[in-house]
Amino acid sequence: MHLVLVDDEPAILDILAAACHADGHVVTTFGSSLDALAFLQQNSVDLLITDIVMPPPDGFRLVSAARKIHPRLDAILVTGYTQRYSLEDVLACGASDLLFKPFRLQELRARVRLAEERRRVLAHHLRVLTHALEDPTNELLQREARELRAALDLKLARPV
């Protein structure tokens, strides 16, 4: 997977990048949200991992803007403020997960694997639905496939 990592703390960014790279991922890092957003406007990526508290735009706004560019982009927000943010805040901006600092590298790797599995499952379902939509002999299946695809697109746009 191609991961974009964003954190204004170089030490944290280096740790994240080393762990993800060691697991075989292509990693692109940024120390600012603006630089990451400029990159995302020109490039497709699989997963965005970003700190929440950064010079504007913060991680919430970065994820929201990135998902407007790439609606199926998965995102994980990271923060050291355990009492300040909830998973509901994270889901509201379009991210799918929240990781609290300090974290163990095993936890980071597990969250990245979950994101990878979500992408794999959703891609499989989209292929099945696309195939069903292309079958002109099954009107009922076509209608149900369109409804399921719309539901999946809605879920991807606004994670539950």
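In which strand does Leu48 lie? Leu48 lies in strand β3, and this briefing uses that strand as a way into the rest of the fold. The model is a predicted one, where local features need pLDDT of at least 70, side-chain atom pairs count only at pLDDT 80 or more, and totals for chains, interfaces and linings use all residues. Residues are numbered from 1 along each chain as its sequence is written, and side-chain values use heavy atoms, with hydrogens and water left out.

**The chain as a whole**

- The protein chain holds six helices and five strands; helices (H or I, at least four residues) and strands (E, at least two) are DSSP runs, numbered from the N terminus.
- Along the sequence, the pattern of the protein chain reads β-α-β-α-β-α-β-α-β-α-α.
- Of the 160 residues in the protein chain, 42% are buried; here buried means under 20% relative accessible area, exposed means over 50%, and partly exposed falls in between (1.4 Å probe, protein chains only).
- Among contacts in the protein chain with a separation of 6 or more, 60% are between residues 24 or more positions apart, where contact means heavy atoms within 4.5 Å.

**The sheet**

- Five strands form an open sheet in the order β2-β1-β3-β4-β5, with parallel pairing; two strands pair if DSSP finds at least two bridges between them.
- β2 (26–30) and β5 (97–100) stand at the edges with a single partner strand each, so one side of each has no neighbour in the sheet.
- From one strand to the next, the twist averages 20°; axes are lines fitted to C-alpha atoms, for helices over the stretch in contact, and angles run from 0 to 180 degrees between N-to-C directions.
- β1 and β3 run parallel and are joined by four bridges, with Leu5 opposite Ile49 in β3.
- On to the next pair: β3 (residues 47–51) and β4 are parallel too, over five bridges, and Ile49 stands opposite Ile76 in β4.

- β3 is mostly covered, with five of its five residues buried.
- In a regular strand, side chains alternate between the two faces of the sheet.
- In β3, Leu47, Ile49 and Asp51 point one way while Leu48 and Thr50 point the other way, and all are buried.
- Leu48 is buried, and its relative accessible area is 0%.
- Beyond its neighbours within four places in sequence, Leu48 is in contact with residues including Val4, Val6, Leu40, Val63 and Ile76.
- Leu48 and Leu5 are 43 residues apart in sequence, yet their C-alpha atoms are 6.1 Å apart in space.

**Helices against the sheet**

- Helix α1 (residues 10–22) lies across β1 and β2 and runs at about 170° to β2.
- Helix α3 packs on the sheet and touches β1, β3 and β4, with its direction making about 160° with that of β3.
- Together, β3, α3 and β4 make a right-handed β-α-β unit; a crossover is right-handed if, with the strands pointing away from the viewer, the path from the first strand over the helix to the second runs clockwise.

**Nonpolar cores**

- The largest nonpolar core has 23 residues, and Val4, Val6, Leu48, Phe60, Val63, Leu77 and Ala95 touch the most other members; such a core is a set of buried Ala, Val, Leu, Ile, Met, Phe, Trp, Tyr and Cys residues joined through side-chain atoms within 4.5 Å.
- At least two residues of this core come from each of β1 (2–6), α2 (33–42), α3 (59–69), β4 (74–79) and α4 (87–93).
- Another core, of 17 residues, lies apart from it and includes Leu3, Leu13, Ala17 and Ile49.
- Leaving aside neighbours within four places in sequence, the contacts of Leu77 include Thr50, Phe60, Val63, Val90 and Ala95.

**Thr79 in β4**

- Thr79 lies in strand β4 and is buried, with a relative accessible area of 0%.
- The Thr79 side chain reaches the backbone nitrogen of Tyr81 at 3.1 Å, a polar contact being a pair of N or O atoms within 3.5 Å; within protein, one must be able to donate a hydrogen and the other to accept it, and residues adjacent in sequence count only if both atoms are side-chain atoms.
- Not counting residues up to four places away in sequence, Thr79 touches Asp51, Ile52, Tyr85, Leu98, Leu99, Phe100 and Lys101.

**Two cis peptide bonds**

- Most peptide bonds are trans.
- The bond from Pro56 to Pro57 is cis, with omega near -5°, and Pro57 lies in the loop between β3 and α3.
- Lys101 and Pro102 are also joined by a cis peptide bond, with omega about -10°; Pro102 is in the loop between β5 and α5 (105–133).
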